[in-house]
Amino acid sequence: TGVAKPDPIMVADSVTRRFGGLTAVRVEHFEIQREAITALIGPNGAGKTTFFNVITGFDKANAGHWTFDDQDITGLSGYKVAQRGMVRTFQLTKALSRLKVIENMKLGATNQSGEHFLSALVRPRWRHQEQAIEEKADELLERFKLTHMRDEFAGALSGGQRKLLEMARALMSDPKLIMLDEPMAGVNPALAQTIVAHVKTLADDGLTVLFVEHDMDVVRTISDWVV
């Protein structure tokens, strides 16, 4: 875990998370290489998802500190971490089932003028931005082979399609680092291969990828680093 990377984008030191008498996470030193694919592996209960939750602001550490892109993000809430370019997907997908797929996608875009109360009342101020966001969402849906589900409710998607939707929605914010928590879990083999191909493409596009996975064939196939 402590191997120095040539150009780390994220560095964590002495991170500890305890639940009562159980120490779920105890990481002395952890680095993620920029513009590479890093796999985080370990048996069930090893604390992988808890570690994800802590460094992305969805849980609080008992001790430790970590930086992202040379900025201290220790203890920041999830939305502030995402604003800095570090986004994640979840083992149990978080698609908003009563919104359409395209609406789920548009929610992923940041700095939307129409999200501010006063601006929202004046449609010409955000109409063009809204059009650009929708065009970007459609491009990503085409890339992830979800165009045919564009106007369907997210609740109608299969488990594998929801994972694809989460990956696509995460890219709406133009992240620097994307963290995938078991993206292939519960997915049929054909769709799993599609997800693997998309993960490779993310790195080819210059993103940094950290993912949790139990399938060692997948880990060996696409990982530059394994922790």
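About 40 Å³ of space lies in the largest cavity of this predicted model, a cavity being a set of points on a 1 Å grid over the protein atoms alone where a 1.4 Å probe fits but cannot get out. Grid points are joined across faces, edges and corners, and a volume is the space filled by probe spheres set on the points. A search of the whole structure finds one cavity of 30 Å³ or more. The largest cavity is lined by Thr89, Phe90, Lys163, Glu166, Met167, Asp181, Glu182 and Pro183, lining residues having an atom within 4 Å of a point. This lining comprises three nonpolar, one polar and four charged residues (Ala, Val, Leu, Ile, Met, Phe, Trp, Tyr, Cys and Pro count as nonpolar, Asp, Glu, Lys and Arg as charged, and the others, Gly among them, as polar). Helix H6 gives the most to the lining, with three residues.

Helices H6 (residues 159-171) and H7 (residues 189-204) pack at an angle of about 15 degrees, with their axes 10 Å apart; helices are DSSP runs (H or I, at least four residues) numbered from the N terminus, and axes are lines fitted to C-alpha atoms over the stretch in contact, with angles running from 0 to 180 degrees between N-to-C directions. H6 and H7 are therefore roughly parallel to each other (angles under 35 degrees). Contact (heavy atoms within 4.5 Å) is made by Gly160, Gln161, Lys163, Leu164, Met167 and Leu171 of H6 and by Leu191, Ile195, His198, Val199 and Leu202 of H7. Seven nonpolar, three polar and one charged residues form this contact.

Residues are numbered from 1 along each chain as its sequence is written, and side-chain values use heavy atoms, with hydrogens and water left out. As the model is predicted, local features need pLDDT of at least 70 and side-chain atom pairs count only at pLDDT 80 or more, whereas totals for chains, interfaces and linings use all residues.

Note on methods: Helices (H or I, at least four residues) and strands (E, at least two) are DSSP runs, numbered from the N terminus. Angles under 35 degrees count as roughly parallel, over 145 as roughly antiparallel, 65 to 115 as roughly perpendicular and the rest as oblique. On a 1 Å grid over the protein atoms alone, a cavity is a set of points where a 1.4 Å probe fits but cannot get out, and a pocket is an open set with protein on both sides within 12 Å along at least five of seven lines; lining residues have an atom within 4 Å of a point.
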